[in-house]
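Student: Could you walk me through this fold before I set anything up?

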Amino acid sequence: MLLSSFVRHGTLREDGIHLNGPSESQKTLASELCCVGTNADPGTDYHIPFEDVLWCELANDDTVVKIQYAKKTGKSLTVQNMLVDVSYAAEDHDVASIILKKAYKGGIVSPRVLVVLNSFGGQGKARDIYKEQILPVLEAANVDITYQETTHLGHAVDIGREVQAKYDVIACCSGDGIPHEIINGIYERNDAEEIFDKIAITQLPCGSGNALSLSTHGTNDAAVAAFRMLKSERTKMDVMAVTQMEDGVERTRISYVSQAYGSIADADIGTEKLRWMGPIRFEIGVAHKLITKAQYPCDLWVHYGCEGDEVKDHFERHRKGLAVEHSKQKYPSLSEDPPAEWEKMQQDIADNVNIFYIGKMPYMSDQAQFFPAALPQDGMMDMLVTNAKAPLLHMLSLFTKIDQGGHVHSNEVIHAKVHGYRLVPRVDDGRKHYISVDGENFPLLPIQVEVVPRAVTVLLQNGLYVDTAWTTN
C-alpha cells in the first residue's frame, strides 16, 4: 500500500468524475489516508467513469471522498483508490451517495453475497484465484461476504437445499458444475420458486468449464467477472428440465447449460482422466470422434420452434425486445408416446448421428460459440445435429468455425430452436458412451427435456447475453 501525497479536485459530470490537479489545502489529509495510488500524473486531467466506481465514502473531512474503482489493465483489472475534494462539485449534497447511485444503475450497492468455492476446481488453483483476483474486488465494493468451500461431490446440492433467502447473490467460484448443483439443490425445495426469484446465481470463473461466466460476464478472467457481477442486471433466465426413468421411477433434474449425446458427450465425460491437460482435452476428443466417423444411433423426437432462416428472425426479434410470452409446456411421461406434433428425426440421420448437442447459452468455452443464437428467455433451446456420413474434410472445416459460431450456417449442421425433445440412445456399449448434462455424467438412458421459462435469476449485462457472431452480423 502506498501513501497518497495529494487530493484531487473533482467535478461530477454525466459520464463520471472529472479530476484536475491536487487540492493544496488537502495535502495533509491525504497523507494520513492509506490508499493505492493511480498511474495518473497528479498535474494532469483524469477521468473516472461512474461505471468503473466500486465504492465511495466520506474521508475524515466533510468535503473529501475516497473513491475505489476498477482500472482496466489489458483483459484484466486492478483496484485503485483516489481521494477527491468535491467541496465545490455538489455543495450541501451527499456526494458519496450520488456517486454510488450513478455507479450501480443496474446492480445492488453492497450486496449480500454467498461465495461457494470449489477448492478442487481450476486444477486446484481456485482458492488462490479467489484470494488474489476476486476478493480484492468484492472488498473494494464493500460487499457483505459469506464464504463457504465445498468439501465433497454433491456438497453444493446440500448448500442449495439449505441456503437462506437473505442473500442477493450466490457467486460460484468454480467451473460449471457448482452452479448445476446449487440450482438442483434449490429445485428440490418446496419454496424453490421464491428462492430462485430472490437470489441471483452467477459464476466467477475458477474451473475448466466456465460457460456461465463467458455467456453472462463475457470473460474467463475472475477479477473482471467479479466486477461485472456487481454491475449487472438481475434477469430471469430459462432453464431446462431433464427427465429420465431410473429404476422404474421418473426423475427430473435441471440443466442450465447443455445436454450432449455422441461425440461431444464422449469427448467431455470420456476424457475426465485427461483433465490435467486443460480445455485441449475436449478438442482432441472431438477431433478423434470426427476423424473416426463415430456413429451414435438413436431415436429422436423433436418439438420444433423454428429452424433455418426462421432462427435468425427469431433471434433479432428477441434481441430487440419484441419477444412473445412463453408458458411452460405440459409434456407427457416417458412411458407415454411423444405428442403427435413432435417430429421424429429421419431414420437415415438418427442412425448416423455424430453430434447431438442442445444448449441454452452461447459460449461453451472462450474458443467455442457453439450456440451463437442462444437467448436467455425465449422459451427455446438451441439444437445442433451432425451426420457421421458427412465428408471428413467438411467436418474438420466445420470444427475450425466453432470459435466464431460459423458452424451453424453449414449444410452439414441441422440447427434449430426447439421447445423440447426425447432421445432414446441405441449405441451398443453403454460402458464407453455417455450423456452429458452441464458437463455432468448422466445415465445412458432415454432422456426427455423441456424448457422451464424464466425460472432462475441470473446477472446479465443490459439484460442480455454477451455479444456473439449473430449480434455483430
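This is a predicted model: local features need pLDDT of at least 70, side-chain atom pairs count only at pLDDT 80 or more; totals for chains, interfaces and linings use all residues.

Student: How many helices and strands does the protein have?

Tutor: The protein has 15 helices and 23 strands, taken as DSSP runs numbered from the N terminus (helices H or I, at least four residues; strands E, at least two).

Student: And what share of the residues is buried?

Tutor: Of the 473 residues, 56% count as buried, meaning under 20% relative accessible area with a 1.4 Å probe and protein chains only.

Student: OK, the sheet: what is the strand order?

Tutor: The open sheet of four strands runs S10-S9-S11-S12 with parallel pairing, where two strands pair if DSSP finds at least two bridges between them. Its edge strands, S10 (144-150) and S12 (200-205), each pair on one side only.

Student: How many bridges join S11 to S12?

Tutor: Six bridges join strand S11 (residues 169-174) to S12, and among the residues involved, Ala171 has Thr202 in S12 as its bridge partner.

Student: Which strands does helix H5 lie across?

Tutor: Helix H5 (residues 155-162) lies across strand S9 (112-118) and S10, and runs at about 140° to S10, with axes fitted to C-alpha atoms, for helices over the stretch in contact (heavy atoms within 4.5 Å), and angles from 0 to 180 degrees between N-to-C directions.

Key
Residues are numbered from 1 along each chain as its sequence is written. Side-chain values use heavy atoms; hydrogens and water are left out. Buried means under 20% relative accessible area, exposed over 50%, partly exposed in between (1.4 Å probe, protein chains only).
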